Amino acid sequence: MWKLAFTLAAAVGLLAPASADTFPAKPVRLIVPFQAGGSDQLYRALAVELSNMWRQPVIVENRPGADSLIGAEFVARSPADGYTLLATVDTTTVINRFLYKKLPYDPDKSFAPISLLAQTDFFIVANPKFPASNLRELIAYVKANPGKVSFGSFARGSQADLMIHAINKRERTDILTVPYKGVSLSIGAAIAGDVQLASGGYGVVGQHFKAGKLKPLAMAGTTRNPFFPEVSTTAEQGAPYALASIWYGLYAPAGTPEAIVRQISQDVTAILQDRDFAQKHMLANGLTPVASTPRELADRIASDVKLTAELVEAAGIKPE
């Protein structure tokens, strides 16, 4: 009896690491909680590389709706085995907690962080007919024309949305925020002249700069964008608080074996650090590669939650 028990215990001990060592043994799903055609371009490129590396299909599946709540809940309720992953932006784990009284997932406990993927800073942009050519001129114009300037917000409580609230509070302006369901719609509204202002990353607005459909007023980041180095930052224009960016992250359901999380993180890092991949799928689209460890992603979430809490309070945004 003792010999049998010992044999079973040994077998269990051998099987546990083997399940991680052989991952993946079947197709992996990458759940993107947004419409196709936006941020999922990076995820689809990553999926191709992971498929080649793992010799298993990595399938990108869009499950949009409710500011990423639908897709995030699906992953949170999925088996914690590494075969269903969440590829999303900071909205899901940072911002949504301030917008909703009740979430169908716990942003701190429902997921196992795997890796940061990329980050992009936003431009503050304007319709070409708008008289201001930079941020300082914008602020002066708004003060001289109260109630006449509007900003197309692609998501309530987003960093771009909070940035406009911060400008209003710091500069005592009254820029009106107009809600749109997605960045493409808010950018389109600025191009059409339905609103005067909008905000987006290079991958979204760069083509419109070149076509003369939008003009940049400022770079809402800490450094100038390499594709438009002539556009000064908000800090250079005297408003260092006016920052807006978005970052991309990868998660597994909470409880996923640490060995599997670590393997996925290491494999993703290897892909992001490949020069050809980074240049073609990230840098060319205005994305900065930010490969990280699971711990570094968890720390980024915690620091951004603290910062966002202050911005949300200043903006007077209440959860619904």
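A cavity here is a set of points, on a 1 Å grid over the protein atoms alone, where a 1.4 Å probe fits but cannot get out. Its volume is the space filled by probe spheres set on the points, which are joined across faces, edges and corners. The largest cavity in this structure has a volume of about 30 Å³.

This is a predicted model: local features need pLDDT of at least 70, side-chain atom pairs count only at pLDDT 80 or more, and totals for chains, interfaces and linings use all residues. Residues are numbered from 1 along each chain as its sequence is written, and side-chain values use heavy atoms, leaving out hydrogens and water.

**Cavity**
- The structure holds one cavity of 30 Å³ or more.
- Asp67, Thr91, Ile95, Leu99, Ala155, Arg156 and Ser158 line the largest cavity (each has an atom within 4 Å of a point).

**Sheet**
- Six strands form an open sheet in the order E2-E1-E3-E10-E4-E11, with mixed pairing.
- Strands are DSSP runs of E of at least two residues, helices are runs of H or I of at least four, and both are numbered from the N terminus.
- Two strands pair if DSSP finds at least two bridges between them.
- E2 (58-62) and E11 (288-289) are the edge strands, each pairing on one side only.
- E4 (residues 111-121) pairs with E11 in the antiparallel sense over two bridges.
- Ala118 has Pro289 of E11 as its bridge partner.

**Helices on the sheet**
- Helix H2 (residues 40-54) lies across E1 (28-32), E2, E3 (84-89), E4 and E10 (245-253), running at about 160° to E2.
- Helix H3 (residues 69-76) packs on the sheet and touches E1, E3, E4 and E10 (contact: heavy atoms within 4.5 Å).
- The direction of H3 makes about 150° with that of E3.
- Angles run from 0 to 180 degrees between N-to-C directions; axes are lines fitted to C-alpha atoms, for helices over the stretch in contact.

Definitions and conventions: 1 Å grid on protein atoms, 1.4 Å probe; cavity = no way out; pocket = protein on both sides within 12 Å on 5 of 7 lines; lining within 4 Å.
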